[in-house]
Amino acid sequence: MAFETKATIANFGGKLLKLQHQSTSTGTPMDVNLFLPPAAANQKVPVLIYLSGLTCTPQNCTEKGFFQAHAARAGIALVWPDTSPRGADLPGETASWDFGAGAGFYVDATQAPWSAHYKMETYVSSELPAALFAAYADTLDSSRVSITGHSMGGHGALTLYLKNPGKYRSVSAFAPIANPSRCPWGVKAFTGYLGDADKEAWKRHDATELVKGWKGGDLKALVDVGTGDNFYKAGQLLPENFEKAVKEAGVTGLELRYQPDYDHSYFFMSTFAGDHVDHAAKYLFA
């Protein structure tokens, strides 16, 4: 599937590519940013996929997260997908900031009218990587992929990792929505995209529920949460529920850090971006 290059920007010795392609999953054009580190000029490099949070586009973290500086040093490519289809023109698609446009929640919607376009799980976990690895076959190493994300994207990173053992070398998350079936954001999204007739189906998109059946060995997970995060204080994130489920399941390999005073913003993410790139590098280069 062909990508149109909208811009090529020199960045930390490498190149930031702003791309667009027509998605078969969503039926819409999709924007994606790709950072190629300096090492990509001479060899295939591993990939870290970053899933953004509510309201974000590929541009937000690219411009504010400072991941590229660390990825350039480590020799890792970065991929920033969008958070939802754009321009599907569905009724109510832009009525609220936490549902619809910019809020795809990384699930495949089963409820009309969302099911026609909101197939973000398939897009992020299957279609986009396949397209990128085909288009950049000489540059990206499809056998070495890790995943990370923020807030809604942290939810996406954790759930896609837990649902696909072996697909990703590691996972990390910043302030993830870790138990969405128990928080207002998740209940709203799951009701709209998945319906509320079968709430057991929600568990297949909830990291706290999924980890209870994890059979993939050491979790290889790093999670950071800021204690000054108002969404954490309001019960939207519930990392403590995820940690409890991990312990009760006897699963090893979760490092959950509560960072004093940090909030939900890119100031928080940019501060610890290096740690998360290094976490991915530990497994991508193993």
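This is a predicted model: local features need pLDDT of at least 70, side-chain atom pairs count only at pLDDT 80 or more; totals for chains, interfaces and linings use all residues.
Reader: Which residue forms a salt bridge with E209?

Author: The general idea is that side chains of opposite charge can pair when their charged atoms come close. Here the partner of E209 is K212, and the closest N and O atoms of the two are 3.2 Å apart.

Reader: How many salt bridges does a search of the whole structure find?

Author: The search finds 13. One of them is between the side chains of K6 and E4, at 3.4 Å from N to O. E4 has a relative accessibility of 43%, so the residue counts as partly exposed.

Reader: Which residue forms a salt bridge with R257, and which parts does the pair tie together?

Author: R257 pairs with D275, with 2.9 Å between the closest N and O atoms. D275 is partly exposed, at 33% relative accessibility.

Reader: Which residues are linked with R257 in a network of salt bridges?

Author: D224 and D275 are linked with R257 in that network.

Reader: Which side chain reaches a backbone nitrogen at the start of α9?

Author: That of S265: one of its side-chain oxygens comes to within 3.2 Å of the backbone nitrogen of F267.

Reader: Where is H264 placed, and is this residue buried or exposed?

Author: H264 is in the loop between β9 and α9. Its relative accessible area is 14%, so H264 is buried.

Reader: Which side chains make polar contacts with that of H264?

Author: There is a polar contact of 2.9 Å to the side chain of S151, and another of 2.5 Å to the side chain of D229. Leaving aside residues up to four places away in sequence, H264 touches H150, S151, A175, D229, F231 and L237.

Reader: Turning to the backbone, which residues other than glycine have a positive phi?

Author: Among them are F12, with phi near 50°, and K220, with phi near 55°. F12 sits in the loop between β1 (4–11) and β2 (14–22). K220 sits in the loop between α6 (207–210) and β8 (221–226).

Reader: Are F12 and K220 buried or partly exposed?

Author: F12 is partly exposed, at a relative accessible area of 46%. K220 also counts as partly exposed, with 25% relative accessibility.

Reader: Which residues does a cis peptide bond join?

Author: The bond between A112 and P113 is cis, with omega at about 0°. P113 lies in the loop between β5 (77–81) and α3 (120–135).

Terms used: Residues are numbered from 1 along each chain as its sequence is written. Side-chain values use heavy atoms; hydrogens and water are left out. Helices (H or I, at least four residues) and strands (E, at least two) are DSSP runs, numbered from the N terminus. Buried means under 20% relative accessible area, exposed over 50%, partly exposed in between (1.4 Å probe, protein chains only). A salt bridge is a side-chain nitrogen of Lys or Arg within 4 Å of a carboxyl oxygen of Asp or Glu. A polar contact is a pair of N or O atoms within 3.5 Å; within protein, one must be able to donate a hydrogen and the other to accept it, and residues adjacent in sequence count only if both atoms are side-chain atoms. Contact means heavy atoms within 4.5 Å.
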